[in-house]
Amino acid sequence: MNAPVASPYTLPAAETKAMRHIVSILLENEPGALSRVAGLFSARGYNIESLTVAPTEDGSLSRMTIVTTGSDDVLEQITKQLNKLIEVVKLVDLSEAPHIERELMLIKVRATGKDREEMKRMADIFRGRILDVTETTYTIELTGTGSKLDAFIEALDKAAILETVRTGASGIARGERVLKV
């Protein structure tokens, strides 16, 4: 029996697989720019897993980092739509090449009695910094990949976690590759 022949009009399953993408965007630092970018995603039913934005060294521009999941085709559509926005100056999918990504997490944990020393030890193991100390709590700062921050949370007793705040991913290309006007 002959194997089925793939149609030239359909993509192989491997090419349609949903992948995590980190899209870095330079955009004009204007009121409403963030809203228009986020609106573009929601209007088309695309999910934003995380979003960070801040001014660059040039006060007239902001750098936005969006983490989303989708096939290469979906990302291509997102890119085309983003490039149509007047405020978008330039964008790149950092996931296409070697890059560095980091998240920041602030986590407040219960630290009493014998658990106090254990919390300090865990912060040290994960290269975290204790920023605030009270008689019953520590507030710890950690930076790293999302999986490192997830591993720290998993290593703790869930009952010890009082509050968690995470930034989402920020990223930059490795080497000579830059996102600049």
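Q: What makes a residue count as buried, partly exposed or exposed here?
A: Buried means under 20% relative accessible area, exposed means over 50%, and partly exposed covers what lies in between. The values below come from a predicted model.

Q: Why is Arg127 called exposed?
A: Its relative accessible area is 73%, and the cut-off for exposed is over 50%, so Arg127 counts as exposed. You will find Arg127 in the loop between helix 4 and strand 6.

Q: What is there to note about the phi of Arg127?
A: Arg127 is not a glycine, yet its phi is positive, at about 55°.

Q: Why does Gly45 count as exposed?
A: Gly45 has a relative accessible area of 63%. Exposed asks for over 50%, so Gly45 is exposed. Gly45 sits in the loop between helix 2 (33-43) and strand 2 (50-55).

Q: How do you know whether Phe126 is buried or exposed?
A: Phe126 has a relative accessible area of 16%. Buried means under 20%, so Phe126 is buried.

Q: How many aromatic pairs are there in this model?
A: The count comes to two.

Q: Why is the pair of Phe41 and Tyr46 called edge-to-face?
A: Two values settle this one. The ring centres are 6.5 Å apart and the planes stand at 80°. A pair needs centres within 6.5 Å, and edge-to-face needs planes over 60 degrees apart, so Phe41 and Tyr46 form an edge-to-face pair.

Q: What makes Phe126 and Phe152 an edge-to-face pair?
A: The distance is 5.1 Å centre to centre, with 80° between the planes. The limits are centres within 6.5 Å and planes over 60 degrees apart, and Phe126 and Phe152 are an edge-to-face pair.

Q: Why can the pair of Phe126 and Phe152 be said to tie together parts of the chain?
A: Phe126 belongs to the loop between helix 4 (114-125) and strand 6 (129-133), while Phe152 belongs to helix 5 (residues 146-155). The parts are 26 residues apart in sequence, so the pair ties them together. Phe152 is at 0% relative accessibility and so counts as buried.

Q: Why is Met64 called buried?
A: Met64 is at 0% relative accessibility; the word applies under 20%, so Met64 counts as buried. Met64 is part of strand 3 (residues 61-70).

Q: What does Met64 touch, leaving aside its neighbours within four places in sequence?
A: Its contacts include Val23, Ser24, Ile25, Leu34 and Leu51. The C-alpha atoms of Met64 and Val23 are separated by 8.1 Å, and the two residues are 41 residues apart along the chain.

Q: Why is His99 partly exposed?
A: Its relative accessible area is 22%. That value lies between the limits of 20% and 50%, so His99 is partly exposed. His99 is in strand 5 (residues 99-110).

Q: Which residues does His99 touch, not counting residues up to four places away in sequence?
A: His99 touches Ile22, Leu94, Ile172, Ala173 and Arg174. As for Leu75, the C-alpha to C-alpha distance from His99 is 18 Å, at 24 residues apart in sequence.

Q: Why does Asp72 count as partly exposed?
A: Asp72 is at 42% relative accessibility, which falls between 20% and 50%, so Asp72 is partly exposed. Asp72 is in helix 3 (residues 72-84), and its C-alpha atom is 9.8 Å from that of Arg20.

Q: How does the protein chain stand against a compact globule?
A: The protein chain has a radius of gyration of 21 Å, whereas a compact globule of 181 residues would be near 16 Å. The C-alpha trace spans about 65 × 60 × 35 Å along its principal axes. Buried residues make up 35% of the 181 residues.

Technical notes:
Residues numbered from 1 in each chain as written. Predicted model: local features only at pLDDT ≥ 70, side-chain atom pairs only at ≥ 80, totals over all residues. Heavy atoms only, no water. Rg over C-alpha atoms; globule rule 2.2 N^0.38 Å. Buried < 20%, exposed > 50% of the residue type's maximum accessible area, 1.4 Å probe, protein only. Helix = DSSP H or I, 4+ residues; strand = E, 2+ residues; numbered from the N terminus. Phe/Tyr/Trp six-rings, centres within 6.5 Å; stacked < 30°, edge-to-face > 60°. Contact = heavy atoms within 4.5 Å.
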